[in-house]
Structures are given as C-alpha cells and as structure tokens.
Amino acid sequence: MARPRNPLLSHERIVGTALRLVDDEGLDALSTRRLAAELGVSGPSLYHHFATKDALLDAVVDAVVGEVCLDMLGRDPWPDALRGWARSYRAALAAHPNLVPALATGPGRRPNALRLADAVFGALVDAGWPAGEATRIGALMRYLVFGSALGSFAGGFPDDAGLYAEQYPHLGQAHLLAERQRAVDEGAFELGLETVLLGLEARFPRAR
C-alpha cells in the first residue's frame with residue numbers, strides 16, 4: 001500500500017490543534033487522548049512528535065510567544081522599544097487567555113521564549129542599562145504584561161447596582177464596569193505601562 005503523499009501528522013498541525021483546543025475549552029481539556037481524537041489518529045502516534053504532554057504544552061506555549069513582535073528591540077530608542085514590545089506581548093496573550101497560566105511559568109528551554117528574553121535584555125544593555133538593572137526591568141515588564149492578561153479587573157464586578165448601594169457606597173458605579181470591560185482593562189494597562197516607562201526614564205541617568 002502506497003504511503004500518503006502528505007504525512008497525516010506534523011508538528012505544526014499538532015500544535016495548532018492543541019492551541020485551538022485550549023482556546024476553546026481551557027487547559028484542562030488538553031490530553032493526549034482528546035488531542036488524538038481531534039486529529040483523527042491514535043494516541044501513540046502523537047509520541048513520535050512529542051514524548052510527553054509537558055513537551056507538547058511547551059511547544060504550544062512557545063508558538064504563542066513566537067507571535068510577539070521583537071523587531072523594535074535594538075532598533076528603536078529603548079522606551080519606545082519596550083512600549084511596542086509590551087503591547088505586542090499583551091496582544092499575543094490576550095488572543096489566548098486560557099494559555100496564560102502556562103505561559104507564566106517562565107522560558108524554560110522554549111526557543112521563542114529564550115529568544116524574546118535575549119532580545120529584551122540585549123536591547124536594554126546595548127542602550128546603556130547595567131546588566132542587573134536590565135534583568136530587573138525585564139522582570140518588571142513581564143509582571144505588568146502578564147498581570148494585565150491574567151484576568152479582567154472590570155469583569156470581576158457583578159452587573160447589579162443593588163449589590164453596592166448600601167454597604168459599598170464608594171462603589172456606586174461599579175455595576176457599570178462589566179459593560180466597559182475592554183476600555184477599563186486596556187486603559188489600566190496603558191496607564192501602568194506609561195507610568196513605568198516614565199519612572200525608568202527618570203532613573204536611567206542615575207543607573208548609568
């Protein structure tokens with residue numbers, strides 16, 4: 001019997017299907033058995049590409065990190081570069097919110113994640129930041145991006161005016177937050193980003 005012209009499975013197809021499954025149903029839905037069913041193959045055939053579920057998850061996470069634009073790092077002035085990179089990073093996470101907890105574990109051995117860390121650190125050091133400061137800035141920016149992507153502040157307030165009326169007088173308008181969720185959350189991220197960058201720009205002359 002002739003072999004199929006195109007392989008039934010590929011690294012890209014497995015990762016893409018796994019990412020779609022996590023996007024649709026969450027991290028708990030990702031299992032070898034479920035993924036094999038989605039792909040229309042037997043479970044053992046996946047092990048030719050990924051030895052463990054952790055290896056598969058690493059590949060899915062790294063694919064999302066690979067969506068982050070790094071072009072501005074080392075090209076633009078460092079405040080503009082950090083701003084553009086942080087926005088791109090947050091956009092990538094916002095497109096896959098169910099994957100954020102797995103992304104938050106750190107780069108590990110993931111190639112795209114290590115490439116990102118290398119680009120951020122290198123851009124800061126090349127701009128004149130001491131290595132220790134550059135490390136802390138990279139961590140700080142990551143906290144800001146991941147914190148803003150991990151959940152919605154505005155979406156956490158119930159749309160029930162009566163809940164706040166008597167016991168929480170300062171939250172009299174909190175019931176409106178849910179319907180303005182995107183504007184509130186994105187505005188908070190931008191406020192935090194600009195505040196951090198202003199502080200870093202003020203610190204830069206002393207740090208050098």
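Which side chain meets E133 in a salt bridge? The partner is R136, with 3.0 Å from N to O. This is a predicted model, so please read every value here as computed from it. Both E133 and R136 belong to helix α8, where they sit three residues apart, about one turn of the helix.

## A network of charged side chains

Side chains of opposite charge can pair when their charged atoms come close. The count of salt bridges in this model comes to 11. One of them joins E190 to R87, with the closest N and O atoms 2.9 Å apart. This pair links distant parts of the chain, since E190 is in helix α10 and R87 in helix α5, 103 residues apart.

R87 also forms a salt bridge with E194, and here the closest N and O atoms are 3.9 Å apart. Because R87 lies in α5 and E194 in α10, this pair ties together parts that are 107 residues apart in sequence. R87 is partly exposed at 38% relative accessible area, as are E190 at 26% and E194 at 28%. Through shared partners, salt bridges join D80, R83, R87, E190 and E194 into one network.

The largest pocket holds about 320 Å³ of space. Its lining has 20 residues, and P107, L116, A117, G138 and R142 lie nearest the centre. Helices α4, α5, α7 and α8 each give two or more residues to this lining, with the largest share, seven residues, coming from α8. By type, the lining divides into 15 nonpolar, three polar and two charged residues.

The second largest pocket has about 240 Å³ of space. Among its 13 lining residues, R90, A94, S148, Q181 and D185 are the closest to the centre. Two or more lining residues come from each of α5, α8 and α10, and α10 gives the largest share, four residues. This lining is made up of five nonpolar, four polar and four charged residues.

## The two sides of helix α2

Helix α2 spans residues 32-39, and its buried residues are L35, A36 and L39. Seen down the helix axis, they fall within an arc of 100°, so they line one face of α2. That buried set packs against α1, α3 and α4. On the other side of α2, R33 and A37 are exposed. Just after the helix comes G40, which takes a positive phi of about 75°.

How values were computed: Residues are numbered from 1 along each chain as its sequence is written. This is a predicted model: local features need pLDDT of at least 70, side-chain atom pairs count only at pLDDT 80 or more; totals for chains, interfaces and linings use all residues. Side-chain values use heavy atoms; hydrogens and water are left out. On a 1 Å grid over the protein atoms alone, a cavity is a set of points where a 1.4 Å probe fits but cannot get out, and a pocket is an open set with protein on both sides within 12 Å along at least five of seven lines; lining residues have an atom within 4 Å of a point. Grid points are joined across faces, edges and corners, and a volume is the space filled by probe spheres set on the points. Ala, Val, Leu, Ile, Met, Phe, Trp, Tyr, Cys and Pro count as nonpolar, Asp, Glu, Lys and Arg as charged, and the others, Gly among them, as polar. Buried means under 20% relative accessible area, exposed over 50%, partly exposed in between (1.4 Å probe, protein chains only). The arc is that of the directions from the helix axis to the C-beta atoms. Contact means heavy atoms within 4.5 Å. A salt bridge is a side-chain nitrogen of Lys or Arg within 4 Å of a carboxyl oxygen of Asp or Glu.
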